[in-house]
Amino acid sequence: MQVTDNRNWDTLWINARLATMAGGYGIVENAALAIKDGRIAWLGAMDAVPGEARETRDAKQAWITPGLIDCHTHMVYAGNRAEEFAMRLAGKSYADIARDGGGILSTVRATRAAGEDDLYAASEKRLPPFLQEGVTTVEIKSGYGLDRENEMKMLRVARKLGEHYPVSVRTTFLGAHTAPPEYKGNEDAYIDAVCNDMIPAIAKEKLADAVDGFCETIAFSPAQMTKVFEAAKKHGLAVKLHAEQLSDQGGAALAARYNALSADHLEFACEEGIAAMAKAGTVAVLLPGAFYMLRETRKPPVDLLRKHGVAIAIASDCNPGTSPVGSLLLMLNMGCILFGLTPEEALAAVTRNAARALGIEGSVGTLEVGKTADMALWDIASPVELSYRLGYNPCIGTVKQGIYHARHHA
């Protein structure tokens, strides 16, 4: 039992079953939880409640977990790449499509052509399915503009989504996603533009919480990403990295060297890189949707991540090409089936570890006194069900900063 000031609580949830995720599942049966000023003020056994609240809500034995966190998405974009899906089914590789001007550049063309209002209208359609599944925080990357004006446009749209929906949006500048057509064959000059033009402008407008990049043979080298990280650090921005998705480029070790919040994908990560991540506290973000859509066979080295004590997060990687995913709950199941995670690891991967991957573990990710009252309510018999079912959404509703939002059933 934990207690803060028990006078004038705003809301007291009773008859709940808590999975606090503060350590393992952190289960508290026959529980109550109090909220004051949008934060958790008390939680514990219901027969030990030490005070009263202005409003009491009966959870009716529903499970309450921390609000889910999708810590890696590319949710803001225009157009789609369904035709490339058909091409991959016919045998063309992701790398081949990218080299022929498709892939990311296809989405860049559509995103550049969209006005800010049109881009917002297209992007906001993708968010509600996640909120209906208990997501209360989502990270959204740029990376389909690839020039200052359009990258900033994407980041403004992402921030606007957080203003209009009951969700916290963390924005990440991904200018180093790939080189745009106007810089083809002159990638170093493009990296200079990212470092000397885009990052300073974005930092000045406070549009991004972090800087990301794609370190891969079809994208940017470790040397180029080092320049990006140096520029990010100069402007006080945290860093993240798409690393070792298609090959081992030493991206995991590079991310660790710059104390990156996370290194994401990691199918080809080696033990040396993983050990470096462990020492730096860099979170491994696994993306089973992309693994599945690309029909990859090389799995991320989960046993090595466990061996070295690297925190594992899971995310949707919601994007138009390699992970057109609209369900974070599905990623829990895929994380278990495809990558061998346990249901407990999978739930931790979208709560406390996902919070670490965004650098916000001090305020969300677990149910603890003093943290923001971001929660999800579930009609389930046990937390294992969140990883067990396919195509089933047991979310009753969410609590965002203390305010309850019922799930609207179709």
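# Exercises on a predicted model

Ala16 touches Val28, Glu29, Asn30, Ala31, Ala59, Ala62 and Ile64, leaving aside residues up to four places away in sequence. The model is predicted. The exercises below start from this residue.

## Exercise 1. Judge the confidence

State the mean pLDDT of the protein chain, then examine residues 1-6.

Solution. 
- Step 1. The mean pLDDT of the protein chain is 95. Of its residues, 98% reach 70 or more.
- Step 2. Residues 1-6 have a pLDDT below 50. In the model this stretch makes 15 contacts beyond near neighbours in sequence.

## Exercise 2. Classify two aromatic pairs

How many aromatic pairs does a search of the whole structure find? Classify Tyr190 with Phe220, then Phe291 with Phe339.

Solution. 
- Step 1. The search finds seven aromatic pairs.
- Step 2. Take Tyr190 and Phe220. Their ring centres are 6.2 Å apart and their planes meet at 20 degrees, so the pair is stacked. The cut-off for stacking is under 30 degrees.
- Step 3. Tyr190 is in helix α7, residues 187-204. Phe220 is in the loop between β10 (210-215) and α8 (222-234). The two are 30 residues apart, and the pair links distant parts of the chain. Both Tyr190 and Phe220 are buried.
- Step 4. Take Phe291 and Phe339. The centres are 5.1 Å apart and the planes are at 75 degrees; this pair is edge-to-face. The cut-off is over 60 degrees.
- Step 5. Phe291 is in helix α11 (residues 288-293) and Phe339 in helix α13 (residues 328-339), 48 residues apart. Both Phe291 and Phe339 are buried.
- Step 6. Ring pairs join Tyr183, Tyr190 and Phe220 into a cluster.

## Exercise 3. Find charges over rings

Which ring face does Lys160 lie over, and which does Arg389 lie over?

Solution. 
- Step 1. Lys160 lies over the face of Tyr120, 4.6 Å from the ring centre.
- Step 2. Arg389 lies over the face of Tyr392, 4.3 Å from the ring centre.

## Exercise 4. Read the two sides of α10

Where do the buried and the exposed residues of α10 lie?

Solution. 
- Step 1. Helix α10 spans residues 271-280, and Gly273, Ile274 and Met277 in it are buried.
- Step 2. These three cover an arc of only 100 degrees around the axis, which puts them on the same side of α10.
- Step 3. Recall the helix geometry. An α-helix has 3.6 residues a turn, so residues three or four places apart point the same way.
- Step 4. Turn to the other face. Glu272 and Lys279 are exposed there, away from the buried side of α10.
- Step 5. Name the cover. The buried residues of α10 are covered by elements including α9 (251-257), β12 (262-265), β13 (283-286) and α12 (302-308).
- Step 6. Look just past the helix. Gly281 takes a positive phi of about 80 degrees.

## Exercise 5. Examine positive phi

Inspect phi at Leu266, Asp317 and Gln401.

Solution. 
- Step 1. Most residues other than glycine have a negative phi.
- Step 2. Leu266 is not a glycine, yet its phi is positive, about 75 degrees. Leu266 sits in the loop between β12 and α10. With 1% relative accessibility, Leu266 is buried.
- Step 3. Asp317 has a positive phi near 55 degrees. Its loop runs between β14 (312-314) and α13. Asp317 is buried, at a relative accessible area of 2%.
- Step 4. Gln401 has a positive phi near 50 degrees, in the hairpin of β16 and β17 with two residues between the strands.
- Step 5. Describe that hairpin. β16 (residues 395-400) and β17 (residues 403-406) pair antiparallel over four bridges. Thr398 stands opposite His405 in β17.

## Exercise 6. Account for Glu216

Is Glu216 buried or exposed, and what does Glu216 touch?

Solution. 
- Step 1. Glu216 lies in the loop between β10 and α8.
- Step 2. The relative accessible area of Glu216 is 2%, so Glu216 is buried.
- Step 3. Beyond residues up to four places away in sequence, Glu216 touches Glu244, Gln245, Leu246, Ser247 and Gln249.

Conventions. Residues are numbered from 1 along each chain as its sequence is written. This is a predicted model: local features need pLDDT of at least 70, side-chain atom pairs count only at pLDDT 80 or more; totals for chains, interfaces and linings use all residues. Side-chain values use heavy atoms; hydrogens and water are left out. Rings of Phe, Tyr and Trp (its six-membered ring) pair if their centres lie within 6.5 Å; planes under 30 degrees apart count as stacked, over 60 as edge-to-face and the rest as tilted. Buried means under 20% relative accessible area, exposed over 50%, partly exposed in between (1.4 Å probe, protein chains only). A charge sits over a ring if NZ of Lys or CZ of Arg is within 6 Å of the ring centre and within 35 degrees of the ring normal. Two strands pair if DSSP finds at least two bridges between them. pLDDT is the predictor's confidence in each residue, from 0 to 100. Contact means heavy atoms within 4.5 Å. The arc is that of the directions from the helix axis to the C-beta atoms.
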